[in-house]
Amino acid sequence: AENANIALRKLEGGGWGVASVPHSGKTYYVNANATDANGNATDADDESRGTINAPFSTLDYALGRSALKTGDLIFVQEGHTESVIAAADVAFADVGVVVIGQGSGNNRPLFTVDTATAAMIKFSSASCRLSNVRIQAGIASLAAMVDVAASGTVIDNCELLNDDGTF
């Protein structure tokens, strides 16, 4: 059976509408800035997390889970920030995984690729998708922010930024 989660989509001419995101697997959430009902940080990565109310704290962790399967969908919540500090630190290694950033403009998730010149987001499995995030080079000597080594990879509605925050 196909699942459909609800996502907001900006409408032409302004305003917001509801759009479904069809997928055949499970849905997970990521947000390093999540808090509980009392305002306490919920910064943790473990198998009991990944829900909208208790998201994983990093996309790196979510993508590295052995339970991830083809057709799974990961929403990276608005305002999420994450540093990518090593080669393939954030790696799409499972076929058919979809990652969608929530939010608009500068509130979209931000991935800063820095620390090592070989640090990057890597696509090594087919038919993966990354959508609606910002990716910024954190150092001027970076070899590549993104490495696509798999067929059927889709990167859409993403903003790639220089180390000074410009296009």
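User: How many aromatic pairs does the structure hold?

Analyst: This is a predicted model, and the structure holds 4 aromatic pairs. One of them is formed by Phe92 and Phe123.

User: Why is the pair of Phe92 and Phe123 called stacked?

Analyst: Rings pair if their centres lie within 6.5 Å, and planes under 30 degrees apart count as stacked. Elsewhere, Tyr28, Phe56 and Tyr61 form one aromatic cluster.

User: What makes E6 and E9 paired strands?

Analyst: Two strands pair if there are at least two bridges between them; E6 and E9 have 3 bridges, in the parallel sense, and therefore they count as paired. Ala91, for example, has Lys122 in E9 as its bridge partner.

User: Why do E6 and E12 stand at the edges of their sheet?

Analyst: The open sheet has 3 strands in the order E6-E9-E12, with parallel pairing. E6 and E12 (146–148) each have a single partner strand, so one side of each is left without a neighbour in the sheet. From one strand to the next, the twist averages 10°.

User: Which residues touch the most other members of the largest nonpolar core?

Analyst: That core has 26 residues, and those touching the most other members are Leu59, Leu63, Ile74, Phe92, Val99 and Ile121. Among the elements that give two or more residues to this core are helix H1 (59–64), strand E4 (73–76) and strand E6 (90–92), and H1 gives the most, with 3 residues. Leaving aside neighbours within four places in sequence, Leu63 is in contact with residues including Leu68, Ile74, Phe92 and Val99. A second, separate core of 5 residues includes Tyr29, Leu73, Val98 and Ile100.

User: How do you know whether Ser131 is buried or exposed?

Analyst: Buried means under 20% relative accessible area; Ser131 has 4%, and therefore Ser131 is called buried. Ser131 has its place in strand E10 (residues 129–131) and, not counting residues up to four places away in sequence, touches Val99, Ile100, Gly101, Asp156, Asn157 and Cys158.

User: What makes the approach of Ser131 to Arg129 a polar contact?

Analyst: The limit for such a pair of N or O atoms is 3.5 Å, and the two side chains are placed at 3.4 Å, which means that the distance falls within the cut-off.

Methods:
Residues are numbered from 1 along each chain as its sequence is written. This is a predicted model: local features need pLDDT of at least 70, side-chain atom pairs count only at pLDDT 80 or more; totals for chains, interfaces and linings use all residues. Side-chain values use heavy atoms; hydrogens and water are left out. A nonpolar core is a set of buried Ala, Val, Leu, Ile, Met, Phe, Trp, Tyr and Cys residues joined through side-chain atoms within 4.5 Å. Buried means under 20% relative accessible area, exposed over 50%, partly exposed in between (1.4 Å probe, protein chains only). Helices (H or I, at least four residues) and strands (E, at least two) are DSSP runs, numbered from the N terminus. Contact means heavy atoms within 4.5 Å. Axes are lines fitted to C-alpha atoms, for helices over the stretch in contact, and angles run from 0 to 180 degrees between N-to-C directions. A polar contact is a pair of N or O atoms within 3.5 Å; within protein, one must be able to donate a hydrogen and the other to accept it, and residues adjacent in sequence count only if both atoms are side-chain atoms. Rings of Phe, Tyr and Trp (its six-membered ring) pair if their centres lie within 6.5 Å; planes under 30 degrees apart count as stacked, over 60 as edge-to-face and the rest as tilted.
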